[in-house]
Amino acid sequence: LPPGRLELMSGIRERRLWPAGTRPIEAAALAGKKALAAAGVSPEEIECLFFTSVSRDMMEPATASFVHRSLGLRKNCLVYDISNACLGFLNGMIALANMIELGQVKCGLIVAGETGEDLVESTIAGLLADPTLTRKSIKPSFASLTIGSGAVALVMGRASDKKPGQRLRGGTFLANTEHNDLCQGGLTQDSHRETASTLMATDSEALLVRGIETAAACWDFFLRDLEWSPGEIDTFFCHQVGRAHARELFTTLDLDEQKNFQTLEFLGNVGSVSVPITMALGLENGALKPGQKAGLLGIGSGINCLMLGVEW
């Protein structure tokens, strides 16, 4: 992965103003507009656009095509969606970084807008309509009640010697797909609603165990590939699904949990937005300062793990 200039925008302030029914297109476009302004980049400079959310407005065309139109980006702009559950945004960073490294583009934009209310409301409606619920049968639905909404965008461009800092230094990934049945979701026809609804089933306990197991293996590759030691990393921004998960992850990797900047308490699990919006808020709150290093740690259903290193 090449060096790259990072500009992140948190959608947290705008998120609080979203009316019910806000679409992923609107959320992602809002974050994209703010990110362009923060980076001092005009729409004409963006040569590719990736939309990376789990949430999307329709199967076809790509949601990125609507965001492209909304932002008024140039016509000779590569536009498509990237989907990989909660790791979509980090995958977008790799894809864009590689294009920059290959000289295919000079500057690109990654956006994500997760609107989780349909999943939460569908889950609640399904639980209320089932008179046979037990402590055991409700467990696969519990993770769905922690889903949040948010938007984030990232401008990446070629590194410049004139602007020190803000570099994507590298990363590594690991797939443990024999456990791809532990968290699955999608549209389903709900007899209690007029239209199809979104539902997700999660074996939270097994997912925690296997996810931590996968992250531990990926962590060794991460340190080797970046030639970093754990003590060099000043801050961590992780995909957050629960306090127990975060605690177990940092215990297993033998890391200082005080270095983990968290947003779970007020954002919940924001899907693909989770890691980048946590980093954006961390930057706003001084959790990552110039000259420091950060680890972006993502574990997604599949099970897939992706870890990126950033130097600010």
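## Overall composition

The protein chain of this predicted model contains 10 helices and 12 strands, and buried residues make up 50% of its 312 residues. Among the contacts in the chain with a separation of 6 or more, 77% are accounted for by residues 24 or more positions apart.

Because 10 of the 14 residues of H4 are buried, the helix is largely enclosed by the rest of the structure; the buried positions are Gly88, Phe89, Leu90, Gly92, Met93, Ile94, Leu96, Ala97, Met99 and Ile100. After the helix comes glycine 103, which has a positive phi, near 80°.

The largest nonpolar core has 35 residues, of which Leu90, Met93, Leu96, Ile110, Met156, Leu296 and Leu308 touch the most other members. At least two residues of this core come from each of strand S2 (48–51), H4, strand S4 (107–114), strand S5 (150–158), helix H10 (274–284), strand S11 (293–300) and strand S12 (304–311). Of the contributions to this core, that of H4 is the most, at 8 residues.

## Cysteines

The structure holds 0 disulfides. For cysteine 107, the closest cysteine sulfur is that of cysteine 48, and because the two sulfur atoms are 8.2 Å apart, they are too far from each other for a bond. Cysteine 107 is buried, with a relative accessible area of 11%, and cysteine 86 is likewise classed as buried, with a relative accessible area of 18%, a value that falls under the 20% limit for that class.

## The open sheet

An open sheet is formed by 5 strands in the order S6-S12-S11-S9-S10, with mixed pairing. S6 and strand S10 (260–261) stand at its edges, and because each has a single partner strand, one side of each is left without a neighbour in the sheet. Strand S9 (residues 235–238) and S10 run parallel and are joined by 2 bridges; phenylalanine 236 has asparagine 260, in S10, as its bridge partner.

## Two buried threonines

Threonine 172 lies in strand S6 (residues 167–175), and with a relative accessible area of 7% this residue is buried. Its side chain makes a polar contact of 3.2 Å with the side chain of aspartate 225. When neighbours within four places in sequence are left aside, the residues in contact with threonine 172 are Cys218, Phe221, Phe222, Asp225, Cys305, Leu306 and Met307.

Threonine 63 belongs to helix H3 (residues 63–71) and counts as buried, at 0% relative accessibility. Not counting residues up to four places away in sequence, threonine 63 touches Ile25, Phe51, Arg56, Asp57, Met58 and Asp81. Between threonine 63 and valine 79 there are 16 residues of separation in sequence and, from C-alpha to C-alpha, 9.3 Å in space.

How values were computed. Residues numbered from 1 in each chain as written. Predicted model: local features only at pLDDT ≥ 70, side-chain atom pairs only at ≥ 80, totals over all residues. Heavy atoms only, no water. Disulfide = S-S within 2.5 Å. Buried < 20%, exposed > 50% of the residue type's maximum accessible area, 1.4 Å probe, protein only. Helix = DSSP H or I, 4+ residues; strand = E, 2+ residues; numbered from the N terminus. Core = buried A, V, L, I, M, F, W, Y, C linked by side-chain atoms within 4.5 Å. Polar contact = N/O pair within 3.5 Å; in protein donor to acceptor, adjacent residues only side chain to side chain. Contact = heavy atoms within 4.5 Å. Pairing = 2+ DSSP bridges.
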